[in-house]
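Subject: Structure for you to look at

Hello,

Here is the structure I promised to hand over. Please open it, then read my notes below with the model in view.

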Amino acid sequence: MNAIFKCGLALAALLSFWLRAEPVEIRVVSGKWIGFSNEDGTGYYFELLRRAFPEPEWQLSYSIVPFARSLYLFDHQKADIVLGVYKGDIDNGQYCRLPVELDTVDIAMTPNLAASWSGPRSLEHKKVQAYLAYGYDRLVSVPMYYEESSNLLDMLNRVNNGYIDAVLDYRPSMEALVSKLERPQRFVILDSVISAEVYFGFADTDFGNSLRIRFDEVHHKLIDSGEQQALLRQVEGQRNSEKPRQ
């Protein structure tokens, strides 16, 4: 009886410890993409994470920051996971095995370029600008005079005035700035001119690797069950209307 009593006490102590155990914290950084990674921690990306790392065992501590800063924080080991990245975006980390979505990018171009447009190859040797850290030059196979800037309005004014040939970004964010242009809009916007698979990045640490393995397992099941596609359908109406990479 004494041995049984001691065993019961040990089990009770173990149960008490388990109930009091703190959740495992995961530091997450992301750009702000409405419907995908909202400032309140909701959206498609966070839904995927919560399927893999549910409460109360896990706790997502997230920061929504400009995209370039999310990469900086991740590469300087200030985060365990970075959301919404292309292959090649991160220097020190690992990508999930399968993409979480296919991103499409729009373009604003001069009327002259629009008149002869025949796809991304028309950007050969053209002056093209995009937002900081987007790296769209990696998605276009022809050589361009490519630059990045932190001011989308300035880029749109430049293409509108004919100082550059094109701006790669998202139609909603560009159209939202039309009223602030220095002169009436002359540039032409075309949708979905380039596309790229989007991934989550995981820190190149033992903890980050364990998170990646767990996420890959759950993510594969979400794809096979159709749940990932169902989650995407919930926000696909916002994909081209509200989701700039910022």
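Start where helix α2 meets helix α7. From α2, the residues in contact are Leu48, Leu49, Arg51 and Ala52. They meet Arg214, Phe215, Val218 and Leu222 of α7. Sorted by class, this contact has 6 nonpolar residues, 2 charged ones and no polar ones. Keep in mind that this is a predicted model.

Now find the two helices themselves. α2 covers residues 44-52, and α7 covers residues 206-225. Two packed helices are described by the angle between their axes and by the distance between those axes. Here the angle is about 110°, and the axes are 9 Å apart. Angles of 65 to 115 degrees count as roughly perpendicular, so α2 and α7 are roughly perpendicular to each other. Their crossing is right-handed.

Next, step back to the whole chain. The protein chain has 8 helices and 9 strands. Of its 246 residues, 45% are buried. Its exposed surface comes to about 12,800 Å². Carbon and sulfur atoms supply 51% of that surface.

Is aspartate 80 buried or exposed? Its relative accessible area is 5%. Buried means under 20%, so aspartate 80 is buried. Leaving out residues up to four places away in sequence, aspartate 80 touches Glu25, Ile26, Arg27, Phe74, Gly201, Phe202, Ala203, Phe207 and Leu211.

Glutamine 77: the loop between α3 and β3 also holds glutamine 77. Its phi is near 60°, a positive value in a residue other than glycine. The relative accessibility of glutamine 77 is 61%. Exposed means over 50%, so glutamine 77 counts as exposed.

Alanine 133: look in the loop between β6 (127-131) and β7 (145-149). Alanine 133 has a positive phi too, near 75°, and is likewise a residue other than glycine. With a relative accessible area of 23%, alanine 133 is partly exposed.

Proline 56: go to the loop between α2 and β2 (58-64). What is the peptide bond from glutamate 55 to proline 56? That bond is cis, with omega near 0°.

Best wishes

Definitions and conventions. Residues are numbered from 1 along each chain as its sequence is written. This is a predicted model: local features need pLDDT of at least 70, side-chain atom pairs count only at pLDDT 80 or more; totals for chains, interfaces and linings use all residues. Side-chain values use heavy atoms; hydrogens and water are left out. Axes are lines fitted to C-alpha atoms, for helices over the stretch in contact, and angles run from 0 to 180 degrees between N-to-C directions. Helices (H or I, at least four residues) and strands (E, at least two) are DSSP runs, numbered from the N terminus. Angles under 35 degrees count as roughly parallel, over 145 as roughly antiparallel, 65 to 115 as roughly perpendicular and the rest as oblique. A crossing is left-handed if the near helix is turned anticlockwise from the far one by less than a right angle, and right-handed if clockwise. Contact means heavy atoms within 4.5 Å. Ala, Val, Leu, Ile, Met, Phe, Trp, Tyr, Cys and Pro count as nonpolar, Asp, Glu, Lys and Arg as charged, and the others, Gly among them, as polar. Buried means under 20% relative accessible area, exposed over 50%, partly exposed in between (1.4 Å probe, protein chains only). Accessible areas come from the Shrake-Rupley method with a 1.4 Å probe; for residues, only the protein chains shown count as cover.
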